[in-house]
Structure formats: structure tokens, C-alpha cells
Amino acid sequence: MAVKPHQVSQMISAVCLTVVVVMMVACSGGYVTSNVNGEKKVYRVDEQGAKTLVYETDQNGNTTIHDTEDPRAKQQAAAQAMREQLSVKRADQLEQLSRMPKRQPHDPIYVSLAPPVLDTQMEKAERAKGAVAEQIRSEFEADPIIKLIEENRSQSGLLKPHGAANADVEVSPKVSLKEAYGVDRKTGKPSKMLAVVFEATITTQVPPATYNVSETGHALKNLEVSKRFAKQVRQVILEKIAPNIPAH
């Protein structure tokens, strides 16, 4: 089959473009990474496109450096050394904690309960400023074990209240209003509703741990939803965190 002149021109243009791209990649050099079966290999590519293995990381996260003078390898080695130091420090902390006496079942647990973060819709729906925060706080005040400590968020550093600094547990709530789909009990059909969502991040420094809880329900049953939410928070504190808190 005869090849027309314009087809030859297109073929030459395509070949030239390919050559230019290859030359640009080769001249630019840099690094390429290969990930196979959880194993990572980083290569340095020179201006001619030749590859040199810089370092590799196995499935367990252990790194082997092949070119100690390479800048990327030095960064990886420094990062690995930092991770190892943190791992050793964490192991030492856990060992020290294991030797410390644990709190008794009826000893108080001091909790720093931060003011809830409200989304725009929830801020508009709040009947009085601080009402949602007071509603959440009231769910914990009668607990015989959990003792809420005062925290002034406007202070920081050396001015931060001594009680907040010594909290066993920190709870950071968030409350928002969202549209959600549920089932109408009367008709049994899906229906759209306005839902209130309570969320909280629960953290403890000794031993280090983080938990997240959430509770969702109809906005008109806000009080019931907040009670279920507070129950979840209490369960995390009393059942998951409490057994590991050291004695005061």
C-alpha cells in the first residue's frame, strides 16, 4: 500500500515528538520509585537514563541504603533514624507505665471537656449561646467517677490552668446539623430529615491513645441524641481508658 506524503510527514512528526520526550526525561534526570508486593525501591536516573538503586524498603518498613552519599538516601536515613528513636522512646514510656501503679476502680478520672465546635447551621439553631456546651457538660457532671476540670481556652502556655494540664483525658466535641435520609415510621418509606450529629475525639497522653465516637439522630430529638452521645463517651473513658490510667 502506498504511503501518501502527508502520512509520512505525520509519522516523522510523531517519531520526533517521541525522541524529544525521551531526551527531556533523560536530560532532566531525577528519581523513580518502584513498588512491587509492598517493597519500595528508589532509583536515581542520570542524564542518559541509566538507573542506580539508591535505597529500598521492605514490607516491614525496614530500609536498606545502597548509596550513602545520595541526598535522597540521606533524607531517608535521617527519617528512619528519627522513627527508630521515637520507637525506642515509646517502648521506654510503655515499660515505665507498666511499672507504675494503676488507679483503683473507684478513683476519680479527671476529664478536660472542651467547648464543642458548632458548624454554621448549628450555631444558627442554638437557642442561646453556650446552650449546647452546657447540655453536653450536664451529662457528665453527675457521674461519680468522671470529674470535669475547668479549662480556659483563651489562656495558653504558662498561663494555662494547672488543672487542665493534669487532665487524665481530653474530650473535644463537635456538633453539626446535616440533611439525612431515614425511614418514616408512619409510611415506612424513605424520607429526608434534618439530623443532628454529635462527634468527639477522646485522647489520653498516659498511655497515649485516641478514640472517636459519634451519634446521629433527628434534630427535634436533640436532647435524646446528646444523651446517647455522652453515654458513648463515658463508656470509652470508663471501659477502655480507665484500666490503663496510672494512679495519681
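How many aromatic pairs does the structure hold? The structure holds 1 aromatic pair, where rings of Phe, Tyr and Trp (its six-membered ring) pair if their centres lie within 6.5 Å. This is a predicted model, in which local features need pLDDT of at least 70, side-chain atom pairs count only at pLDDT 80 or more, and totals for chains, interfaces and linings use all residues. Residues are numbered from 1 along each chain as its sequence is written, and side-chain values use heavy atoms, with hydrogens and water left out.

**Aromatic pair**

- Phe198 and Phe229 form the pair, with 5.3 Å centre to centre and 35 degrees between the planes; this counts as tilted, since planes under 30 degrees apart count as stacked, over 60 as edge-to-face and the rest as tilted.
- Phe198 lies in strand β9 (residues 190-205) and Phe229 in helix α6 (residues 222-241), so the pair links distant parts of the chain, 31 residues apart; helices (H or I, at least four residues) and strands (E, at least two) are DSSP runs, numbered from the N terminus.
- Phe198 is buried at a relative accessible area of 0%, and Phe229 is buried at 2%; buried means under 20% relative accessible area, exposed over 50%, and partly exposed in between (1.4 Å probe, protein chains only).

**Around Gln135**

- Gln135 belongs to helix α4 (residues 131-141) and counts as buried because its relative accessibility is 11%.
- The side chain of Gln135 makes a polar contact with the side chain of Ser226 at 2.9 Å; a polar contact is a pair of N or O atoms within 3.5 Å, and within protein one must be able to donate a hydrogen and the other to accept it, while residues adjacent in sequence count only if both atoms are side-chain atoms.
- Not counting residues up to four places away in sequence, Gln135 touches Arg127, Phe198, Asn222, Leu223 and Ser226, contact meaning heavy atoms within 4.5 Å.

**Nonpolar core**

- The largest nonpolar core has 28 residues, of which Val169, Val171, Ile202, Val233 and Ile237 touch the most other members; such a core is a set of buried Ala, Val, Leu, Ile, Met, Phe, Trp, Tyr and Cys residues joined through side-chain atoms within 4.5 Å.
- Two or more residues of this core come from each of β5 (109-113), α4, β8 (169-183), β9 and α6, and the largest share, 7 residues, comes from α6.
- Beyond four places away in sequence, Val169 touches residues including Ile109, Val111, Ile202, Ile237 and Ile245.

**Salt bridges**

- There are 8 salt bridges in the structure, each a side-chain nitrogen of Lys or Arg within 4 Å of a carboxyl oxygen of Asp or Glu.
- Asp67 forms one with Arg44, the closest N and O atoms being 2.9 Å apart.
- Asp67 lies in the loop between β4 (63-65) and α2 (71-99) and Arg44 in strand β2 (residues 39-45), so this bridge ties together parts 23 residues apart in sequence.
- Asp67 is buried at 19%, whereas Arg44 is partly exposed at 27%.
- Arg44, Asp67 and Asp70 are linked in a network of salt bridges.
- Glu69 and Lys74 meet through their side chains at 3.9 Å, N to O; Glu69 is exposed at 57% and Lys74 is partly exposed at 44%.
- Glu141 and Arg137 form a salt bridge at 3.8 Å, N to O, and both lie in helix α4, 4 residues apart, about one turn of the helix.
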